[in-house]
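Hi there,

Here is the structure I promised to pass on to you. Have a look at it first, and then read on for what turned up in it.

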Amino acid sequence: MSATGIGAAVRRKEDFRFITGQGQYTDDVTRPDEARAVFVRSPHAHAKIRNIEVSAAKTMPGVIAVLTGAELAADKIGNLICGWMIHSKDGSPMKMAPHPALTTGKVNHVGDAVAVVIAETLAQGRDAAEKVKVDYEPLPSVTDAAKAKSGPQIHEVAPKNTIYEWSLGDEKATTAAFAKAKHVTKLDIVNNRLVPNAVEPRAALAEYDAGTDQLTLWNTTQNPHVARLVIAAFVAMAPEHKLRVIAPDVGGGFGSKIFIYPEEVVCLWAARKTRRPVKWVAERSESFLTDAHGRDHVTHAELALDENGKILALRAKTIANLGAYMSTFSSSIPTYLYATLMSGQYDIPQIHCEVDAVYTNTVPVDAYRGAGRPEATFVVERLVEVAAREMKIEPAELRKRNFIKSFPHQTPVIMAYDAGDYHASLKKAMELADVKGFNKRKRESARNGKLRGIGYSTYIEACGIAPSQAVGSLGAGVGLWESAEVRVNPTGSVEVLTGSHAHGQGHETTFAQLVSERLGIPFENVSIVHGDTDKVQFGMGTYGSRSGAVGMSAIVKALDKIEAKAKKVAAFMMEAAETDIEFKDGKFTVAGTDKSVGFGDVALNAYIAHKFTGAQLEPGLKETSFYDPTNFTFPAGCHICEVEVDSETGKAEIVAWTAVDDFGTVINPMIVEGQVHGGIAQGVGQALLEGAVYDKDGQLVTGSFMDYSMPHAHDLPSFHVGLTETKSPSNPLGIKGCGEAGAIAAPAAVINAITDAIGSEQLSMPATANAVWAAMQHAPAQRQAAE
Amino acid sequence: MPTVSMTVNGKAVSGQVEERTLLVQFLRENLRLTGTHVGCDTSQCGACVIHLDGIAAKSCTLLALQCEGAKITTIEGLAEPNGPLHPMQEAFRQNHGLQCGYCTPGMIMAALDIVRRNGHDLDEHTIREQLDGNICRCTGYHNIVKAIAAGAKAMKGGAPSRQAAE
């Protein structure tokens, strides 16, 4: 392994601009004559719009325009869409309600945009927005997923607010398996609604060039080409080739910046209408009301086991809250990214999962780090842990009895796991966590008035999203391949134009490591270009832990083509047969001789083209690949959480965290560990601190950082992170992907630990001091300290 | 519109602002120093932290006019252009203390203030407690804590930078 090759903890190239304040995020971009957009948003959860009075606003200083949904519709701007078709059990298609960028007729959640002010300055825009008078007729609302079906109907197309009623698995066989069970564990689980809250708020800057009839959009997007496609083809803003989308530096996404939102649509439309560049930047409280939220499932789940603790079957019934409108990928999260992981790491013969998706008067819900897999892992790992306690089998032992041991393994829920060794991760994690010493630590904690608990989460997930035909057959409207163009310059440096997009993942470094090692050229000589639809060929973007498995695989395939062509050039240079050329460590050698030329020489010759004719070989050295993965990848591992709970206040503190993950091949262990740390932090946030709360009037009570508890440094421990490796057989590098694993594994580990400490299972997330204290009041007599 | 004058990163500057213009807006929009970021509207995220007369302050919670005559240092003022990085900046890079980079300027400026108040030998607990005013969503803080501890130690030798100890 070289100092800058695959497997090296290379320090990041992108850091320099960030640590010196020279990053260029969307709000850092300014265009001459820029105007600002301020949205007028509904203060009601559900209301008819009787009238919108804009005349007072229009006369305010600095106002350029005040626009409403009526004008948007008159200009024939199309609606936002959900791009993944899900059918109900009865075969009917999901009930997708219209979602215009500015609503007309009715508002459907607090924050729903009804008008926009375009003004010279932000301050003037805000002042004018306050003067827009909307006459609302409030309607009853419903925000609770469990109550949606009996609540006031929100959309005409969806009676009982039901979007779809879907299921996966063999119900009859599952019921039969349950009938044979010696033990059944039952749980009612709420997977709490979360707000992603990337620290950079969403922003859009749109500009129209009348001379060329060209629109440009700078946007905080994880997938500029997808944004361009949706805005062109579905929203019908402009033909695709007349729309350029640029994602500059983006300050975190976690899924929330995948989707196409009303704000960028409105900015584009307003820029063309007013002939001024239009910029919008979310205020944080606006982010709370408009960024797609995550999770929000209500589930009843059951696990059937035989007398030896061998799992016979699992079934779950989930109500998934999708909010007031169907966001871009929303339908897929509680279906094909959730139910398909219900086997966990276990050999479960029968599984049946039913999911009802509902509308409520809340912010739309869509993918958020883990997207369906945290929800699945929580169900499976809580069932297994509680079953172990009920059957008085050690939690680790119960898991071992049920781990899948031979691969490939076809689960009853579509996924076929390709390679893994779950026992290895568990064993290593238990060693690293010193599980043997737990009882001693527990006694020590008790002496200090603390209840100590330990919780496992042996998770698996499906990512490296995804084989296009497979997801297409499941309803996806797009393929999920990735693209790369490797452009060798005459002077031997290389640019890689990747369809992936980095918003913290370090692609400028890791992708360069790959290219540098393969071509034998210095790491400094490789540039990664991403985020601009004018520069980079169509790509699907970054989410679903796919940029290693799919994005890098595309680069590998392009590098294969580069190597093949370079060998041809080298053959001409050395007057040898192409088949006699070997390439190693940056040198092309004629086999069996000491004749060689370096990569740099070959690059120059490819462009100077003096050593061959055009009929023999095309000049140039630039190759493209569109890589479609052959399967999902299946990262898996074991997280072990230790907590101390204050027996008087219920406050839980995480005192140790051990994670052993199998991500297959690791390009940069420093970056991979960072991804695990960040994922764990978000998972701990879900388990202990976070939760979006609506009151009975549909107001988002947790509407700012004052009330929505974000994890701070003092809420978290340092993490012990280890790796095992079983390479993925499904892509050339053997990468599984690591971006979401921490968020997927963590919540179950935390809740398993706290429930272990307090001896009660009646605990929901977030496990605040109050919640834990309340659960403790219902606990049977505390478990003995010495076991 | 009133005019405000102050020193930013060693340079005398002035500009026209409204009474309600925040310092962060003055820095970003009037002076085009976009390294200082806005991440929230309740003064909690810390992405806007700068140094005001040598002390960390949240530029989102200061009016520009309040800073008349003040000495302001932003992230852009830590290292000489084309000069070496400040040890704290270098420590963030060496320890992978950043991912998306958005919280990073505020994090680094806050870190320097932790050193000013608590010295160069910082333990994990102190750093974690002292970061109460800074939110990071990407890193889980693990490497930020390492970076700050390392940066604090490296500053012991006396940092060659414009950031004089005040």
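Chain B has five helices and five strands; helices (H or I, at least four residues) and strands (E, at least two) are DSSP runs, numbered from the N terminus. Read from the N terminus, the order of elements in chain B is β-β-α-β-β-β-α-α-α-α.

Before going further, a word on conventions. This is a predicted model, in which local features need pLDDT of at least 70 and side-chain atom pairs count only at pLDDT 80 or more, while totals for chains, interfaces and linings use all residues. Residues are numbered from 1 along each chain as its sequence is written, and chains are lettered from A and ligands numbered from 1 in the order in which they are written.

**Chain B**

The radius of gyration of chain B is 15 Å, which agrees with the value near 15 Å that a compact globule of 166 residues would have. That radius is taken over C-alpha atoms, and the globule rule is 2.2 Å times the number of residues to the power 0.38. Along the principal axes, the C-alpha atoms of chain B fill a box of roughly 45 × 30 × 25 Å. Of the 166 residues in chain B, 57% are buried. A residue counts as buried if 20 or more other C-beta atoms lie within 10 Å of its own, exposed if 12 or fewer, and partly exposed in between, with C-beta atoms placed from the backbone. Of the contacts in chain B between residues at least 6 apart in sequence, 64% join residues at least 24 apart; a contact requires C-beta atoms, placed from the backbone, within 7 Å of each other.

**Where the chains meet**

Chain B puts 46 residues in contact with 43 residues of chain A. On the chain B side, α2 (87-94), α3 (104-118), α4 (124-130) and α5 (142-155) of chain B are the elements that give two or more residues. By class, that side of chain B has 20 nonpolar, 16 polar and 10 charged residues. Here Ala, Val, Leu, Ile, Met, Phe, Trp, Tyr, Cys and Pro count as nonpolar, Asp, Glu, Lys and Arg as charged, and the others, Gly among them, as polar.

**Domains of chain A**

Chain A is divided into domain 1 (31-139 + 200-251 + 257-290), domain 2 (297-465 + 631-777) and domain 3 (481-627); the bounds come from an automatic or database domain assignment. The centres of domain 1 and domain 3 of chain A, taken over C-alpha atoms, are separated by 40 Å. Their contact takes 15 residues from domain 1 of chain A and 13 residues from domain 3 of chain A. On the domain 1 side of this contact, α6 (224-234) and β11 (243-246) of chain A each supply at least two residues, and α6(A) gives the most, with four residues. That side of domain 1 of chain A has eight nonpolar, four polar and three charged residues.

**Two sheets in chain A**

One open sheet has seven strands in the order β3-β5-β1-β12-β9-β10-β11 (chain A), with mixed pairing; strands pair if DSSP finds at least two bridges between them. β3 (63-68) and β11 of chain A are at the edges with a single partner strand each, so one side of each is left without a neighbour in the sheet. Within this sheet, β1 (35-41) and β12 (278-281) of chain A pair in the parallel sense over two bridges, and Ala35(A) has Val278(A) as its bridge partner in β12(A). The helix α6(A) lies across β10 (214-219) and β11 of chain A, at about 145 degrees to β11(A). Axes are lines fitted to C-alpha atoms, for helices over the stretch in contact, and angles run from 0 to 180 degrees between N-to-C directions.

The other open sheet has four strands in the order β18-β26-β27-β28 (chain A), again with mixed pairing. Its edge strands are β18 (450-460) and β28 (720-724) of chain A. β27 (652-662) of chain A pairs with β28(A) in the parallel sense over five bridges, with Val721(A) as the bridge partner of Ala659(A) in β28(A). Helix α17 (669-689) of chain A lies across β27 and β28 of chain A, running at about 140 degrees to β27(A).

**One glycine**

Gly492(A) sits in the loop between β19 (482-488) and β20 (494-498) of chain A. Gly492(A) is partly exposed, with 19 other C-beta atoms within 10 Å.

Best wishes

Key:
Contact = placed C-beta atoms within 7 Å.
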